[in-house]
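Me: I would like to go through the terms used for this model and the values behind them. Please set each value against its definition.

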Amino acid sequence: MRESVVQVRNLVKSFGDLHVLKGVDLDLYRGENLVVLGKSGSGKSVLIKIMVGLLTQDEGSVRVLGQEVKDLDSRKLNELRLKIGFSFQASALYDSMTVRENLEFPLVRNVKNLSREEKDKLVEEVLDSVGLLQTINQMPSELSGGQRKRIGIARTLILKPEIMLYDEPTAGLDPITCMDINNLINQVNEMYKTTSIIITHDLTCAKVTGDRMAVLLDGVFGKTGQFDEVFERAEDDRVKSFYDYNF
Ligand code: ADP
Ligand code: MG
């Protein structure tokens, strides 16, 4: 039996008259990389925000690492969030801090009693794993967009999360940098043994990083499966047009 790390059942979420999620069911299994696709505004970000308790659903159940998220008090919710690395669209680096200070920040906030040496070691190890050890004393403004994205991912890795949530990790990057980030996501999954949800519009990113695709269509997921099954042999016109538009 595969272990389910996220289990979503009949999830419903509206904002006033706007019905975004209309009964979403989804399972994320340990070790897999699930890609979530869907048009802008289809509710992809809302879905993962509910998973980390930044939004609350109207109906349905979301269990993450065995716990019903909406029932957690703030202490339990914080504990859960420490096991989840989220790299959100807008999660920028702090411009007034060096790369080292940016990476240390989650450690200082969340891990007590770490010595200077232990902190340095963790920061250097994670930075090295994203290939940017040489930037440790630089300011974010001195780095390229792709490098900043990598440092952002490194920052979420420093607490060794079990689950990584990537919200449009390649948005706004040129094709070569996109490929770099795609490779980094795969490398992170291997090195850190994370389970991931990768939200993207980018079918190349989906194909390269995903074990399984889930397309959000009018508030529910269509059939999930490997890239070829879902796209190349698509029967649903909405999925076909998504594919045709991209390739
Ligand atoms: P996407 O699939 O592009 O990530 P989102 O999940 O961000 O889409 O948003 C889905 C819809 O819900 C959008 O129409 C958005 O405007 C709306 N929405 C998202 N968050 C809120 C909020 N906090 N309050 C009101 N409307 C919201
Ligand atoms: Mg979004």
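Reply: A crossing is left-handed if the near helix is turned anticlockwise from the far one by less than a right angle, and right-handed if clockwise. The crossing of α3 and α4 is right-handed. This is a predicted model, in which local features need pLDDT of at least 70, side-chain atom pairs count only at pLDDT 80 or more, and totals for chains, interfaces and linings use all residues. Residues are numbered from 1 along each chain as its sequence is written, with chains lettered from A and ligands numbered from 1 in the order in which they are written.

Me: What makes α4 a helix, and how does its reach compare with the span expected at 1.5 Å a residue?
Reply: Helices are DSSP runs of H or I, at least four residues, numbered from the N terminus. Helix α4, residues 116-129, has 14 residues. The expected span is 1.5 Å times one less than the number of residues; α4 reaches 20 Å from its first C-alpha to its last, close to the 20 Å expected.

Me: Which residues of α4 are called buried?
Reply: A residue is buried if 20 or more other C-beta atoms lie within 10 Å of its own, exposed if 12 or fewer, and partly exposed in between, with C-beta atoms placed from the backbone. In α4, V123, V126 and L127 are buried.

Me: Why are these residues said to be on the same side of α4?
Reply: Because they cover an arc of only 100 degrees around the axis, taken from the directions from the helix axis to the C-beta atoms. The face turned away from the buried side carries the exposed residues E117, E118 and K121.

Terms used:
Helices (H or I, at least four residues) and strands (E, at least two) are DSSP runs, numbered from the N terminus.
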